[in-house]
Amino acid sequence: MSRSAGPTGQDQSEIFTGTAPAPELKDARSVKGTPAAAMQAFVLGEELAAMADADPRIVVLTADLASANRTVEFKARHPARFFDFGIAEKNMITAAAGMASCGLVPYAATFASFSAILCAEQIKTDCAYPRMPVRVIGHHSGISMGFYGSSHHAIEDLGMMRAVPDLTIVCAADGNALRAVLRASANHPGAMYIRLGRGRDPEVYPEVPGDFRFGRATRLRDGRDITIVATGTTVRPSLDAAGILAGKGISARILDMHTIKPIDAEAVAAAVAETGAILTVEEHGVTGGLGSAVAELLAGKGHVRFRRHGIPDEFAPVGPPAALYAHYRLDAPGIAGVAGELIGSG
């Protein structure tokens with residue numbers, strides 16, 4: 001692994017060894033103080049179990065990760081509708097498609113690096129092509145698996161999944177957003193990829209958003225100078241970045257672009273017309289994900305100040321997630337700095 005200076009000029013060996021002097025290697029909000037109801041790790045199994053109480057079609061599958069993704073909560077309440085495939089993720093996705101063909105609505109959960117990336121062929125051929133209502137849940141996405149390295153990082157999954165026809169792609173910003181996604185997914189047609197973080201992400205929504213709709217972005221903060229389009233784990237730091245920018249006299253609009261496909265083209269068009277500068281922020285490579293989706297919408301629209309912000313075209317180093325976020329400027333100060341550079345106020 002290269003130990004050369006990364007995008008921020010910091011020696012990557014400091015992150016690799018965990019000796020980086022600043023910032024702190026942990027986000028205190030992700031350890032203590034975050035309500036359990038807002039944590040994805042505490043929500044997934046419990047919410048699916050509650051949905052299954054009223055919907056006999058719902059079944060849950062996992063690949064030896066029932067404790068990590070808390071689907072063990074579903075197992076405790078609906079043991080006959082829970083299936084653990086061990087470390088056989090491809091078999092799990094194909095079996096989920098078979099269950100869906102029989103009228104069930106399967107939710108198959110494992111690490112994003114194993115679901116979207118390892119099982120791309122099964123998602124394409126077994127789920128999306130026959131339009132089976134399989135919900136593939138990729139948790140611990142992006143670089144949230146820090147110390148586990150590139151085999152467990154998932155910074156390509158959105159790009160891979162966007163290329164699959166007839167596949168809905170959605171990213172949940174926190175536990176309450178996940179509840180809304182799950183509830184809306186039960187009767188949604190076709191296959192779906194649901195992307196989650198590591199399950200301890202700071203709260204964005206104090207309660208379950210009642211106006212959630214697939215394909216319709218949520219405006220969390222209005223602004224006139226720039227629009228920051230974020231998704232999943234980058235929504236909270238983008239909101240915090242808007243607060244930093246406000247202190248410098250910069251008014252930032254924040255969009256939670258939870259649905260990557262189909263993307264909300266109207267929200268992007270309005271942002272261009274009303275703010276004039278667009279910054280996309282994602283815990284994903286800059287190629288193929290949210291930034292690429294927005295760039296495709298902007299192509300041919302004339303001059304627009306625009307920047308994709310995420311992980312550059314490289315394999316991420318090994319280190320604590322919070323340190324990696326700071327390294328790639330995906331924390332609030334970093335996002336605020338990139339926004340300032342885009343509009344010439346950095």
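Predicted model: local features only at pLDDT ≥ 70, side-chain atom pairs only at ≥ 80, totals over all residues.
The chain comprises 346 residues, of which 58% count as buried, and its secondary structure consists of 13 helices and 12 strands. Where contacts link residues at least 6 apart in sequence, 77% of them join residues at least 24 apart. The pLDDT averages 89 over the chain, with 87% of the residues scoring at least 70. Over residues 1-10, however, the pLDDT is below 50, although this stretch has 25 contacts in the model beyond near neighbours in sequence.

Ser-115 belongs to helix α5, which spans residues 112-117. Its relative accessibility is 1%, and because buried residues are those under 20%, Ser-115 counts as buried. When neighbours within four places in sequence are left aside, the residues in contact with Ser-115 are Thr-110, Ala-120, Ile-123, Val-136, Ile-137, Gly-138 and Tyr-193.

Gly-210 is placed in a loop, namely the one between strand β6 (191-195) and strand β7 (218-221). With a relative accessible area of 72%, Gly-210 is exposed, since the cut-off for that class is over 50%. Between Gly-210 and Ala-177 there is a separation of 33 residues in sequence, while their C-alpha atoms are 9.7 Å apart in space.

How values were computed: Residues numbered from 1 in each chain as written. Heavy atoms only, no water. Helix = DSSP H or I, 4+ residues; strand = E, 2+ residues; numbered from the N terminus. Buried < 20%, exposed > 50% of the residue type's maximum accessible area, 1.4 Å probe, protein only. pLDDT = per-residue confidence, 0-100. Contact = heavy atoms within 4.5 Å.
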